[in-house]
Amino acid sequence: MKILYFLASISLISCSENAEDRCFSGLKDKLTYYQEKKPFTADQILENKPDYLEIINLKKYRSFKQDSLESRQRYDSDEILEKRWKTHQEEYKIFKEKFSDQFSCSHKQQVGNSLYALGTNDLGFWLLKIENDKPSAYFLGLSFSHYYVNDIQQKPIINGGFLELEGSLVKIVRVPGLPGYDDYSAISDGKLFKISLKDLIRDSDHDGYNDIFEKCFGLNPESKDTDGDGITDFDDLNPMFRSSKNKFTKLYELLMPQYAEGESDLKKQHYTFMIFENDCDYFHQVSPDYRILFIPESDNKKTYYVKMTDITRESISKMKKDEKDPDKFYISKSGSSYERDYSAEYKNGKWELEIIGGITI
């Protein structure tokens, strides 16, 4: 199961020329919502795989069905489930502490003075490493939309300078009646996913994010400060664009997802991002309270990873102007189980929002 990520409607272009087109829709245009993509075939996944990834066909392997069924059977009763959960929590306690509970962890392995684990979060798969008490996370550029890693591995995941993961190519299967949640179906079993550790840990600009991560999401792997605002990408909450203040950035900030204060320090969660697909310069210039990244609307401007993978959870549309009132606009947002249409009126330096339509699933 995984949370379904929802797309926004929104480019990695500077503010000035064509900003009007990038931020405002026509008066007669409909507000835009998430549209589900068709699952990729095994051939499409293989054709679009990154060059650093080697996929080997195994002669002997655990099928997706076998691995997933056996994994579930291990938690048949509530008593067994609770016991295994406590054991798992204790086994991966150091990873939870070092990475601020940003990942689900598995496949722990000690190699010399380095402790490894496979991590997953909303963005995909990561290799987690703790060496000399210092944590590092390396993005694999593999999405669980297409890649399934067996819960039970026949061999260690670190082997002779390579990360090796046994699993299958899969597609997402929508679960009727459960919006935002999916199951999987195998489309090609018996695969070994192999990545050189040298390629995986490469961080050309020494900013804390490996090159694979930066290339996957459109950051500059040759500059530790992609937007040139004086804050390194690793510490910047909006690393792709310089933040600014105007009435339209305030509107987008008002519509962005809000999180309860005190639950955790989101500014310290360097590997947790909200992703928005949006070309609007005003949206790009927001000053968020948590890490965000933007991906372009046009497929021909997207990286291979975001073109292949649904990684957005929330959508905020372009604005639509009111025909009669220059201070009134219309805008929409959507998530895994809702759509909301708003009228937004700018009065005395503040936005007043009113819900004028939408649905809740």
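**View 1. Helix α8 and the residues it buries.** Helix α8 spans residues 247–255, and its buried residues are Phe248, Thr249, Leu251, Tyr252, Glu253 and Leu255. Buried means under 20% relative accessible area, exposed over 50% and partly exposed in between, with a 1.4 Å probe and protein chains only. Helices (H or I, at least four residues) and strands (E, at least two) are DSSP runs numbered from the N terminus. At the start of α8, the backbone nitrogen of Phe248 has a side-chain oxygen of Asn246 within 2.9 Å. A polar contact is a pair of N or O atoms within 3.5 Å; within protein, one must be able to donate a hydrogen and the other to accept it, and residues adjacent in sequence count only if both atoms are side-chain atoms.

The model is predicted: local features need pLDDT of at least 70, side-chain atom pairs count only at pLDDT 80 or more, and totals for chains, interfaces and linings use all residues. Residues are numbered from 1 along each chain as its sequence is written, and side-chain values use heavy atoms, with hydrogens and water left out.

**View 2. The whole chain.** The protein chain contains 10 helices and 18 strands. Of its 361 residues, 49% count as buried. The chain exposes about 18,400 Å², of which carbon and sulfur atoms supply 48%. Accessible areas come from the Shrake-Rupley method with a 1.4 Å probe; for residues, only the protein chains shown count as cover.

**View 3. The open sheet β4-β5-β6-β7.** Four strands form an open sheet in the order β4-β5-β6-β7, with antiparallel pairing. β4 (104–111) and β7 (134–139) are the edge strands, each pairing on one side only. From one strand to the next, the twist averages 20°. Axes for such angles are lines fitted to C-alpha atoms, for helices over the stretch in contact, and angles run from 0 to 180 degrees between N-to-C directions. Two strands pair if DSSP finds at least two bridges between them. β6 (residues 124–131) pairs with β7 in the antiparallel sense over six bridges, and Leu128 has Ala137 in β7 as its bridge partner.

**View 4. The hairpin of β17 and β18.** Strands β17 (residues 338–347) and β18 (residues 350–360) pair in the antiparallel sense over 10 bridges. Tyr338 has Thr360 in β18 as its bridge partner. Two residues lie between the strands of this hairpin, where Asn348 takes a positive phi near 50°.

**View 5. Ser68 in helix α3.** Ser68 is found in α3, residues 64–73, and counts as buried because its relative accessibility is 11%. A polar atom of the Ser68 side chain lies 2.7 Å from the backbone oxygen of Phe64. The Ser68 side chain also reaches the backbone oxygen of Lys65, at 3.2 Å. Ser68 and Ile152 are 84 residues apart in sequence, and their C-alpha atoms are 9.3 Å apart in space.

**View 6. The disulfide of Cys23 and Cys280.** Cys23 and Cys280 form a disulfide with their sulfur atoms 2.1 Å apart; a disulfide is a pair of cysteine sulfur atoms within 2.5 Å. By this rule the count comes to one disulfide. The link of Cys23 and Cys280 is right-handed, with 100° about the S-S bond. Cys23 lies in helix α1 (residues 19–23) and Cys280 in the loop between β12 (274–277) and α9 (281–284), so the pair ties together parts that are 257 residues apart in sequence. Cys23 is buried at 0% relative accessibility, and Cys280 is buried with a relative accessible area of 0%.
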